[in-house]
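Reader: I am new to reading protein structures. Could we go through one together, step by step?

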Amino acid sequence: MFFLLTFGNILIHGNCLDELKHDIHANDQAIEAELLLTGDLVSEGTATEHKSIHERYVDEEKIFNGLRQEFNRFAAEWM
């Protein structure tokens, strides 16, 4: 049962990572477009979005590492 819950959490986490990947790509495109227009300036909104995405990335990385450690403990005990 534990294995199924952990595996399910990993699958759900994968969906979150897909969404994060999409948001990173969209933000990169927005930054590129603004830099092409201005030469060296990015709007405050785009910069704020970039910071928000970075914080989400760090959070997702912590969650994933926790799930991996949890799975490794389970595997060491039961496999």
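Author: The conversation below goes from the overall fold to individual residues. Please keep in mind that this is a predicted model.

Reader: How many helices and strands does the protein chain have?

Author: The protein chain has two helices and zero strands. Helix 1 covers residues 2-38 and helix 2 covers residues 44-78.

Reader: And how far does helix 2 reach from its first C-alpha to its last?

Author: Helix 2 reaches 51 Å with its 35 residues. That is close to the 51 Å expected at 1.5 Å a residue.

Reader: What share of the residues counts as buried?

Author: Of the 79 residues in the protein chain, 15% count as buried. The chain exposes about 6200 Å², and carbon and sulfur atoms supply 61% of that area.

Reader: Which residues of helix 2 are the buried ones?

Author: They are Thr-46, Ile-53, Glu-60, Leu-67, Phe-74 and Ala-75.

Reader: Changing topic: what share of the contacts comes from residues 24 or more positions apart?

Author: Such residues account for 66% of the contacts in the protein chain, counting contacts with a separation of 6 or more.

Reader: How many salt bridges does the structure hold?

Author: The structure holds two salt bridges. In one of them, Arg-56 pairs with Glu-19, and the closest N and O atoms are 4.0 Å apart. Arg-56 lies in helix 2 and Glu-19 in helix 1, so this pair ties together parts that are 37 residues apart in sequence.

Reader: What about Asp-23, which residue does it form a salt bridge with?

Author: Asp-23 forms a salt bridge with Arg-56, with the closest N and O atoms 2.8 Å apart. This pair also links distant parts of the chain, since Asp-23 is in helix 1 and Arg-56 is in helix 2, 33 residues away. Through shared partners, the salt bridges join Glu-19, Asp-23 and Arg-56 into one network.

Reader: Is Asp-23 buried or exposed?

Author: Asp-23 counts as buried, because its relative accessibility is 19% and the cut-off for buried is under 20%.

Reader: How exposed are Arg-56 and Glu-19, then?

Author: Arg-56 is partly exposed, with a relative accessible area of 26%. Glu-19 also counts as partly exposed, at 49% relative accessibility; the label "exposed" would require over 50%.

Reader: Which residues does Asp-23 touch, leaving out those up to four places away in sequence?

Author: Asp-23 touches Ile-53 and Arg-56. Ile-53 is one of the buried residues of helix 2, and Arg-56 is the salt-bridge partner of Asp-23.

Note on methods:
Residues are numbered from 1 along each chain as its sequence is written. This is a predicted model: local features need pLDDT of at least 70, side-chain atom pairs count only at pLDDT 80 or more; totals for chains, interfaces and linings use all residues. Side-chain values use heavy atoms; hydrogens and water are left out. Helices (H or I, at least four residues) and strands (E, at least two) are DSSP runs, numbered from the N terminus. Buried means under 20% relative accessible area, exposed over 50%, partly exposed in between (1.4 Å probe, protein chains only). Contact means heavy atoms within 4.5 Å. Accessible areas come from the Shrake-Rupley method with a 1.4 Å probe; for residues, only the protein chains shown count as cover. A salt bridge is a side-chain nitrogen of Lys or Arg within 4 Å of a carboxyl oxygen of Asp or Glu. The expected span of a helix is 1.5 Å times one less than its number of residues.
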